[in-house]
Amino acid sequence: MLIPCPHCGTRPVEEFTFLGDASVTRPTSNDPASMEQWYDYVYLRANPRGRFAEFAHHSGGCRAWLVVTRNTETHEVYGAVTARDYARAKGAKA
Amino acid sequence: MRYNVFSLLRNSLSGHKNWQPAWREPEPKTEYDVVIVGGGGHGLATAYYLAKEHGLTNVAVLEKGWLGSGNIGRNTTIIRSNYMLPGNNPFYEWSMKLWENLEQDFNFNAMVSQRGVLNLCHTDAQRDAFARRGNAMRIDGVDAELLDREAVREMYPFFDYDNARFPIKGGLLQRRGGTVRHDAVAWGYARGADSRGVDIIQHCEVKGIRIENGKVLGVDTNKGFIRCKKLGLATAGNSSETAAMAGMKLPIESHVLQAFVSEGLKPYIDGVVTFGAGHFYVSQSDKGGLVFGGDIDSYNSYARRGNLPMVEHVVEAGVAMIPSLARVRVLRSWGGIMDMSMDGSPIIDKTHIQGLYLNAGWCYGGFKATPASGWCFAHTIAKDEPHKLNAA
């Protein structure tokens, strides 16, 4: 797999460290009442077959956090944006 | 037909023309007491123990591909029970005991070979951790021997003991661990279940799960609707998708794990050995190929193939441990899809839906667990409560 890093250009997959699903939202509260949200955030995953957006750290390159959109069945990579841009776009939609 | 020396003689005299198929190929009935989704090792073992231990024979196993086409045929065939924590050890040791009697039990040669599993350690701290693990195993009645460097050298003189970065300091040996012919496990369980009346239906893909008032009604398949009183899901690798049909979201991600086999060599490594400074484990098959594997590819995947960087990484770890591997050629590699659970623990349990049971989340350790997983899942389904070996 080749990942198009917005800073470094197209780089091989071994330069990246994957964190997983980018669609989960970290709860902002430590209130015990929010434990259900924490449970969802830490454990539950949609785990889709097909199009999937995931956090990737360019640990062997510019060290930026990215969100890579990829197909989990074919390994086709659709694109990559910085995690900041992804979060802003997500915030704009919400 | 029972396999024994007389049936072998009789059939060899008649030119091997009269062997019967090991299992039938039935069309699905309209209703079953229990339907198991997934005709792999765990699903077939579940059906076998449902019939054998609980007398439930109105059972169907639905498999979307052919029998044993998933991870039961995509692993590195290692069995062991060298776990440390109280919740793990009794379960995996029960699995080991079932392995030890499996062939007599289901009258099929699964080539269970207790050739020993040796975990190497490379630092003093790791040796201390292995001593602790070995003691924990022995408390649970599992065999464990802590070997020093010279004892390991006696077994495997060709390892790199003086590797500058990962010198071998010793190892933890479980002599009862070993390997099993993985396909034969699926075939043996299938034959045993089938002969007790279980219908094994291949190329039958489940498209949906019907639930009414919190109770399972049956499954929609490409061969029509099949009604059932109880439904067990044993579809590791695809658990998130099957569970989603029942409206459940699981704590699981699917990842690809690669495995490899080398060209055939003369007898070289007579046990199973694991590298302690990275992910690498190797044994030699009876055909002579070295069967080895390493770490998962570390990104979500449903593709049954991995990427080349992990191939390189695994082979590097292997060569660090056994320099003479450098000249061995890799014959083929393949990938299997692992149910990676978020806390590393498997799931064998009831669900909030009446009559729906789940067997999932085996991470990269499902093969060795096959007999105990089937045994515990069968108990959970038959009694509608988990056995103490699989209760959370």
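1. Glu241(B) counts as partly exposed, at 29% relative accessibility. This residue of the predicted model forms a salt bridge with Arg49(A), and the closest N and O atoms of the pair are 2.8 Å apart. Arg49(A) is itself partly exposed, with a relative accessible area of 29%.

2. On the placing of that pair: Arg49(A) forms its salt bridge with Glu241(B). Arg49(A) lies in the loop between α1 (35–42) and β4 (51–57) of chain A, and Glu241(B) lies in helix α7 (residues 239–244) of chain B, so the pair joins two chains. Across the interface of chain A and chain B, two salt bridges are found.

3. How many residues does the contact take from chain A and from chain B? It takes 21 residues from chain A and 21 residues from chain B. Asn47(A), Arg49(A) and His75(A) supply 35% of the area that chain A buries against chain B, more than any other three residues.

4. The size of an interface is often given as the accessible area lost when the parts come together. The area buried between chain A and chain B is about 1800 Å². Carbon and sulfur atoms give 51% of that buried area.

5. Confidence in chain A should be read by element. The mean pLDDT of chain A is 94, and 98% of its residues reach 70 or more. Among the elements of chain A, strand β5 (residues 65–71) has the highest mean pLDDT, at 98. Helix α2 (residues 83–93) of chain A has the lowest, at 87.

6. The secondary structure of chain A comes to two helices and six strands. Read from the N terminus, the order of its elements is β-β-β-α-β-β-β-α. The C-alpha atoms of chain A fill a box of roughly 45 × 25 × 25 Å along the principal axes.

7. Of the 94 residues of chain A, 39% count as buried. The accessible surface of this chain comes to about 5500 Å², and 52% of it belongs to carbon and sulfur atoms. Among contacts in chain A between residues at least 6 apart in sequence, 47% join residues at least 24 apart.

8. Lys90(A) is found in helix α2 of chain A, the element with the lowest mean pLDDT in that chain. Which residues does Lys90(A) touch, not counting those up to four places away in sequence? They are Ala22(A), Ser23(A), Val24(A) and Thr25(A). Lys90(A) and Ser23(A) are 67 residues apart in sequence, and their C-alpha atoms are 9.2 Å apart in space. Lys90(A) is partly exposed, with a relative accessible area of 31%.

9. Within chain A, Arg11(A) forms a salt bridge with Glu15(A), the closest N and O atoms being 2.6 Å apart. Is Glu15(A) buried or exposed? Glu15(A) is buried, because its relative accessible area of 13% is under 20%.

10. In chain B, Asp105(B) forms a salt bridge with Lys52(B), and the closest N and O atoms are 3.0 Å apart. The pair links distant parts of the chain, with Asp105(B) in helix α3 (residues 89–106) of chain B and Lys52(B) in helix α2 (residues 41–54) of chain B, 53 residues apart. Asp105(B) counts as partly exposed at 28% relative accessibility, and Lys52(B) counts as partly exposed at 33%.

11. Salt bridges that share partners join Glu93(B), Glu100(B), Asp143(B) and Arg176(B) into one network. Over all chains the count comes to 26 salt bridges.

12. A nonpolar patch on the surface is formed by Val5(B), Phe6(B) and Leu9(B), with about 330 Å² of accessible area together. Val5(B) has its place in helix α1 (residues 5–13) of chain B. Val5(B) is exposed, because its relative accessible area of 51% is over 50%.

Methods. Residues numbered from 1 in each chain as written. Chains lettered and ligands numbered in written order. Predicted model: local features only at pLDDT ≥ 70, side-chain atom pairs only at ≥ 80, totals over all residues. Heavy atoms only, no water. pLDDT = per-residue confidence, 0-100. Helix = DSSP H or I, 4+ residues; strand = E, 2+ residues; numbered from the N terminus. Patch = residues over 30% accessible without salt bridge, like charges linked within 9 Å, V, L, I, M, F, W, Y side chains within 5 Å. Areas by Shrake-Rupley, 256 points an atom, 1.4 Å probe, with all protein chains shown as cover. Salt bridge = Lys/Arg side-chain N within 4 Å of Asp/Glu carboxyl O. Buried < 20%, exposed > 50% of the residue type's maximum accessible area, 1.4 Å probe, protein only. Contact = heavy atoms within 4.5 Å. Buried area = accessible area lost by both parts, 1.4 Å probe.
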